[in-house]
Amino acid sequence: MRTNIAPYLGAMFSFRGWGIIDYMTQISRDDVQHLAQLSALQLSDDEIDNMQTDIGNILEYVNQLSELDTSGVEPTYQLTDLENVWRADVVDDYGINRDDLIALAPDSDKNQIKVPKVL
Amino acid sequence: MSKIADFIGKSARQNVVDALKRAKENEQYHALLNLTEERALERADAVDRGEITGRLAGVPFVVKDNFLAYGAPTTAASKILENFNAPLQATAVEKLEAEGAICIGKANLDAFAHGGSTENSAFGPSLNAYDKTRVAGGSSGGSAVVTALDIVPFALGSDTGGSIREPASFNGVVGIKPTYGTVSRYGVVAMASSTDVIGSFTTNVADGELVMDIIAGLDRKDMTTLPDFFKPIDTAKKGQKIGLIKEFMTDGVDDEVLARTNEYVEKLRAAGHTVEEVSLPIVAHTLAMYYIIVPAELSSNLARYDGIRYGHRAEGVKTLAELYGRSRDEGFVTENKRRIMIGSYVLSSGFFDAYYLQAQKARTLLINDLNKLFETYDVLMGPTVPTPAFKLGENTGDPIKMYLADIMTVPASLAGIPALSVPAGKSASGLPIGVQLMAPRRSDAQLFALARSMEEA
């Protein structure tokens, strides 16, 4: 019995870059650091190294989509076909009270959430 | 046949006490992160006093721990929400409670539902119900395992790219992913908003139809819910035309998975249905679409976890930027960070058109191809996963390898069509194998009726 999926895919779709990553998308350490910053993630040096490899491999994998001819095709952003779902402009507390929500904050004072200095 | 029926009309307290006992006896599977024991017993007593009635009065169930529910923290199997006590309940949980069902615990998952094995849980993986050296599947692995072990007769899960169907296949239970928009997602931790759906795990299709009948429906708290349309039907249409997707039946797929799928095809034929091979070549690209669209959407959805209003906040930080960065670094698992960063990448200016827009256009091509097949065929089918459950640790070193387990389940997610995984037998070594059935949007009732009729066949 085979539970290793890799050969299955090799046989099925012969993905570029599968297995031996010999032309992976180049993504630099600086790129990764920039992405981490955009994502509000303060990563350790080890994490950045690992992410550089993983993200490079994943981008290489998804790059196959550029092979598809999508000229003249409209994008699908949502699947419901619903448009403009309205509701009455009436305040609804959804059964949640302020004290319960403030109590969830890691730090609060006099019904306000505390954070470190912004500037 | 129905397991749920076994719990109806009994002492609710006894039902709950027994279920909690089974949960504790099976702790080694790590299927549950927290029990909601105190609240469950209180509600059981209220049912026994006749204060709560309904179609599921006294029936115990479990929810995946990305559903907001009272009685225990809602962690999404993450450190960032480890101590988060939900101030509200998910609509799906509220609807089940309104029918008298009793939640006894919160099931393990890959953190924030990012994964296909529960190995990305911040609290350790769940073990497969049939082989403790193998994965439960995921991300709704815990929900599948508690159902397979008969701890409860049903459990709720969420499915963004296969997170109900894949663990259902790995644990030999029925996993239902309804049409996108069938069930309200209010109160469920969001992952990818254009594919997230709520569904069920049961040991038989009829129980799943009952659960879906209760949780489905328009909810003004979730503006993406469809107007009410789902109602289970008694009998499946006779002589259906069924397409077997040939790209999912190549010799690269596990032999026993192919064999069980072919046996299911023969059963369908014996029941008077026509099964023909069909081709859907675009499935070669659906995983790439998925791993652009989903990270893009989740990178936005997970921006809310910032250590400010709720959840984990890093200590000893001096600036706000440091608070965000460190809280998120400490609170997310590696796979969460990887996906968030991929999302940031594909959405960033200069790359948006090449990745995100291209993926959404490719998604249209997939939907068009499926629609074309559905002009001729009532149902499309194939295996749910290319293999039975893999070994713990087998795919953890390589994220792409892990993603490949989703290859057969992501098409239905990207298209928003209903799909379910039904048990189709086992491998020689005793591992469950599932078959997936898919149908056009909003034809859930017909699809489930067909699957139910095949259980009896």
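This is a predicted model: local features need pLDDT of at least 70, side-chain atom pairs count only at pLDDT 80 or more; totals for chains, interfaces and linings use all residues.
Residues are numbered from 1 along each chain as its sequence is written, and chains are lettered from A in the order in which they are written. Local features need pLDDT of at least 70 and side-chain atom pairs count only at pLDDT 80 or more, while totals for chains, interfaces and linings use all residues, and side-chain values use heavy atoms, with hydrogens and water left out.

Q: How do you know that the length of helix α11 of chain B agrees with its number of residues?
A: Helices are DSSP runs of H or I with at least four residues, strands are runs of E with at least two, and both are numbered from the N terminus. The expected span is 1.5 Å times one less than the number of residues, so the 24 residues of α11(B), 353–376, should span 34 Å, and the end C-alpha atoms are 34 Å apart, which agrees.

Q: What is the kink in α11(B), and where is it centred?
A: The bend at a residue is the angle between axes fitted to the seven residues ending there and the seven starting there; in α11(B) there is a kink of about 25 degrees, centred on B:Ala359.

Q: Why is B:Gln360 called buried?
A: Buried means under 20% relative accessible area, exposed over 50%, and partly exposed in between, with a 1.4 Å probe and protein chains only. B:Gln360, which is found in helix α11 of chain B, has a relative accessible area of 0% and is therefore buried.

Q: Which residues does B:Gln360 touch, not counting residues up to four places away in sequence?
A: With contact meaning heavy atoms within 4.5 Å, B:Gln360 touches A:Glu74, A:Pro75, A:Thr76 and A:Tyr77 of chain A, as well as B:Ile293 and B:Glu297 of chain B.

Q: Why does B:Ala46 count as buried?
A: B:Ala46, placed in helix α2 (residues 37–48) of chain B, has a relative accessible area of 8%, and because this is under 20% the residue is buried. Leaving aside neighbours within four places in sequence, B:Ala46 is in contact with B:Glu51 and B:Ile52.

Q: Why is the pair B:Lys337 and A:Glu47 called a salt bridge?
A: The rule asks for a side-chain nitrogen of Lys or Arg within 4 Å of a carboxyl oxygen of Asp or Glu, and the closest N and O atoms of B:Lys337 and A:Glu47 are 2.5 Å apart, so the pair forms a salt bridge. Across the interface the rule finds four salt bridges.
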